[in-house]
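Reader: I would like to learn how to read the features of a structure like this one, step by step. Could we look at it together?

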Amino acid sequence: MDKIYKNLLIVDGSYMMHRAGHTPAFQELVTSKGMKSGMMYGFMKILNYEMYQDSTMGFPVVCWDAGLSNRRVSVYPEYKANRHHDGDSEDEYIQEYRRQRSDVISALSKMGIPSVIIKGWEGDDLIKILTMMSSHSVVLSDDKDMVQLVSESVTLRRPMQKETLLFDSISDDLRHPRYTITKSIVGDPSDNIPQVSAGVGWKTADTVAEVISEYSLDEMKGKLIEYKDSCTKKSIKNKCESLINDWDKFIVNYKLINLDYV
């Protein structure tokens with residue numbers, strides 16, 4: 001993909017709004033007319049701080065969820081079936097989120113900051129595309145799954161954690177695709193992505209990921225079989241056997257979580 005932007009500050013708008021919405025300090029904030037404003041306030045406070053603390057951050061662009069990702073639902077129809085979907089639910093929280101998001105997008109527009117929102121796309125997929133279109137970018141998000149984007153040209157800034165993840169300093173276990181493989185094995189209950197095999201936790205999954213992360217998806221299963229056959233620790237050997245037997249589930253999870261499939 002051609003690099004058509006030089007420096008971008010790519011903001012995970014939906015994630016930041018939801019985090020603000022669940023921050024107790026912001027929940028009781030209202031406007032002079034009695035309208036709730038905590039999500040908008042929290043979002044704008046973080047954005048304002050991050051934009052002006054470092055003038056080299058790049059030009060800001062905000063990405064938003066607009067319903068479930070078509071690419072993910074086509075792979076796994078039960079994706080996020082355990083939660084209310086933005087645009088699909090009329091519960092009070094979602095109504096309030098949508099109202100304040102509209103106000104935020106309007107305010108951003110007046111500030112000259114564009115929002116990217118496309119029906120059937122989630123913000124993380126849009127963020128991935130923008131990083132591919134930029135020579136250098138800083139992704140602003142506390143969503144830990146964004147660590148898979150960190151590269152020589154992409155930095156992750158986690159504002160609520162006050163943490164900056166650079167390619168040269170990121171730990172091996174957070175590097176993509178090792179982190180992505182580990183996450184795919186253990187699943188993500190918040191997104192209704194199931195654990196591949198019962199009893200295989202993060203520690204074992206990370207050990208497996210370290211072994212197979214340098215190989216393509218087509219090669220990973222064969223390398224895992226080789227590792228299982230040479231493993232002398234019975235508990236690890238049994239867990240690897242379970243993963244091998246449930247490999248189709250791993251493939252589904254990997255395609256859901258891995259942003260390289262955008």
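Author: Let us begin with a term: helices, of at least four residues, and strands, of at least two, are DSSP runs numbered from the N terminus. Please keep in mind throughout that this is a predicted model.

Reader: With that numbering in hand, which helices each supply at least two residues of the lining of the largest pocket?

Author: The general idea is that rolling a probe the size of a water molecule over the atoms shows where empty space is left. In this model the largest pocket holds about 850 Å³ of space, and of the 34 residues that line it, Tyr15, Asp65, Lys80, Arg83 and Asp191 are the closest to its centre. At least two lining residues come from each of helix 1 (13-21), helix 5 (92-110), helix 6 (123-132) and helix 11 (247-257), and helix 1 gives the most, with four residues.

Reader: How many residues of each class are in the lining of the largest pocket?

Author: The lining of the largest pocket has 15 charged residues, together with ten nonpolar and nine polar ones.

Reader: How should I read backbone angles, and what is the phi of lysine 80?

Author: Most residues other than glycine have a negative phi, and most peptide bonds are trans. Lysine 80, in the loop between helix 4 (70-75) and helix 5, has a positive phi near 55°, and with a relative accessible area of 9% this lysine is buried. Lysine 162 also has a positive phi, of about 50°; its place is in the loop between strand 5 (154-158) and strand 6, and at 65% relative accessibility lysine 162 counts as exposed.

Reader: And where is the peptide bond that is cis?

Author: The bond from histidine 176 to proline 177 is cis, with omega near 10°, and proline 177 is found in the loop between strand 6 (163-165) and helix 7 (178-186).

Reader: Turning to charged side chains, how many salt bridges does the structure hold, and which parts does the pair of lysine 183 and aspartate 145 tie together?

Author: To read such a pair, one looks for a side-chain nitrogen of Lys or Arg within 4 Å of a carboxyl oxygen of Asp or Glu. The structure holds 18 salt bridges, and in the one between lysine 183 and aspartate 145 the closest N and O atoms are 2.6 Å apart. Because lysine 183 lies in helix 7 and aspartate 145 in the loop between strand 4 (134-140) and strand 5, the pair ties together parts that are 38 residues apart in sequence. Lysine 183 is buried, with a relative accessible area of 9%, and aspartate 145 counts as buried at 14%.

Reader: What separates glutamate 226 and lysine 223 in helix 9?

Author: Glutamate 226 and lysine 223 meet in a salt bridge of 3.9 Å, N to O, and since they are three residues apart in helix 9 (residues 217-230), about one helical turn separates them. Glutamate 226 is partly exposed, with a relative accessible area of 48%, and lysine 223 counts as partly exposed at 24%.

Reader: Which residues are linked with Lys80 in a network of salt bridges?

Author: The network links Lys80 with Arg71, Arg72, Glu122, Asp124 and Asp125, and Lys80 was also named among the residues closest to the centre of the largest pocket.

Conventions. Residues numbered from 1 in each chain as written. Predicted model: local features only at pLDDT ≥ 70, side-chain atom pairs only at ≥ 80, totals over all residues. Heavy atoms only, no water. 1 Å grid on protein atoms, 1.4 Å probe; cavity = no way out; pocket = protein on both sides within 12 Å on 5 of 7 lines; lining within 4 Å. Points joined across faces, edges and corners; volume = space filled by probe spheres on them. Nonpolar A, V, L, I, M, F, W, Y, C, P; charged D, E, K, R; others polar. Buried < 20%, exposed > 50% of the residue type's maximum accessible area, 1.4 Å probe, protein only.
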